[in-house]
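Please look through the entry below before reading the comments.

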Amino acid sequence: FDYSYAGMELYLVNGKINTGANALRLTSAGNNITGASQNSYVNGGVQRIYASGTSTCAFPVGNANYYSPVSVTLNGVATTAQIFARNFDGDHPDINTSPLLQNKTVNTYWAFDDNSSVYTSADVTYNWQAAQVDAGANTANFNVAQYYSDASTWSILSSSNPLPTSITASGITSFTDMSYAVGELDPPGALNDYRTVNSGSWQNI
């Protein structure tokens, strides 16, 4: 079963809310969550309700080991909207097919859904802990990659303000069956870049 909360404010003080495969579902757009930290967060999924217009909600999610919350702004909500977010430990299971360098990423990823809600666009700030970043990765070069599970395809989002433990992506138009990973881009042509030479043979540059 899911955990539903209809009160106006949920205070997180100490310890984790472990939802397993279920979720903590806040049932009103007026609900607030305060007090989230590395010591107190939701280890599992969180669903928030958005009113019409533009507004921002915090999702105090993490996994068994780390607090890795997200903040989601929905722009142009038609009536109301439902956004679900969950965080997972470790690299995305399909990271090897992504445009990111596998050894220069944040070792966590986020999954979302929006229950077919209607809105113009979304902006998301992803947060993580410094210990989750691969050694040698330059966080100033991080980007956000979006994975659409229905088609097994990746795309790079418009990202801004890359900091040591956060980054913001904008222009998201759907969360349906989407998940997100953060890391450095694999430089185009770094692998399997073949060019002709005057002799007519091929060289691997």
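The points below cover confidence, a sheet, one glycine and the aromatic residues.

1. Confidence. This is a predicted model. The protein chain has a mean pLDDT of 90, with 87% of its residues at 70 or more. Residues 189–197 fall below 50, and in the model this stretch has 14 contacts beyond near neighbours in sequence. Residues 201–205 are also below 50, with 13 contacts counted in that way. Where pLDDT is low, the predicted coordinates should not be read in detail.

2. Sheet. An open sheet is built from 5 strands in the order β6-β8-β12-β16-β15, with antiparallel pairing. Its edges are β6 (53–59) and β15 (158–163), each of which pairs on one side only. From one strand to the next, the twist averages 10 degrees.

3. Strand β6 is joined to β8 (residues 70–77) by 6 bridges, and the two run antiparallel. Within this pairing, G53 stands opposite V77 of β8.

4. G171. This glycine belongs to strand β16, which spans residues 166–172. Is G171 buried, partly exposed or exposed? Its relative accessible area is 48%, so G171 counts as partly exposed. Leaving aside residues up to four places away in sequence, G171 touches S121, A122 and D123. The C-alpha atoms of G171 and A122 are separated by 5.8 Å, although the two residues are 49 apart along the chain.

5. W110 and Y126. The structure holds 11 aromatic pairs. In one of them, the ring centres of W110 and Y126 are 5.1 Å apart and the planes stand at 55 degrees, so this pair is tilted. It links distant parts of the chain, with W110 in β11 (residues 108–113) and Y126 in β12 (residues 121–127), 16 residues apart. W110 is buried at a relative accessible area of 0%, and Y126 is buried, also with 0%.

6. F112 and F175. Why does this pair count as stacked? The ring planes of F112 and F175 are at 20 degrees, with centres 4.8 Å apart, and planes under 30 degrees apart count as stacked. Because F112 lies in β11 and F175 in the loop between β16 and β17 (178–185), the pair ties together parts 63 residues apart in sequence. Both F112 and F175 are buried.

7. Cluster. Which residues form one aromatic cluster? The members are W110, F112, Y119, Y126, F175 and Y180. The tilted pair of W110 and Y126 and the stacked pair of F112 and F175 therefore both belong to this cluster.

How values were computed:
Residues are numbered from 1 along each chain as its sequence is written. This is a predicted model: local features need pLDDT of at least 70, side-chain atom pairs count only at pLDDT 80 or more; totals for chains, interfaces and linings use all residues. Side-chain values use heavy atoms; hydrogens and water are left out. pLDDT is the predictor's confidence in each residue, from 0 to 100. Contact means heavy atoms within 4.5 Å. Two strands pair if DSSP finds at least two bridges between them. Helices (H or I, at least four residues) and strands (E, at least two) are DSSP runs, numbered from the N terminus. Axes are lines fitted to C-alpha atoms, for helices over the stretch in contact, and angles run from 0 to 180 degrees between N-to-C directions. Buried means under 20% relative accessible area, exposed over 50%, partly exposed in between (1.4 Å probe, protein chains only). Rings of Phe, Tyr and Trp (its six-membered ring) pair if their centres lie within 6.5 Å; planes under 30 degrees apart count as stacked, over 60 as edge-to-face and the rest as tilted.
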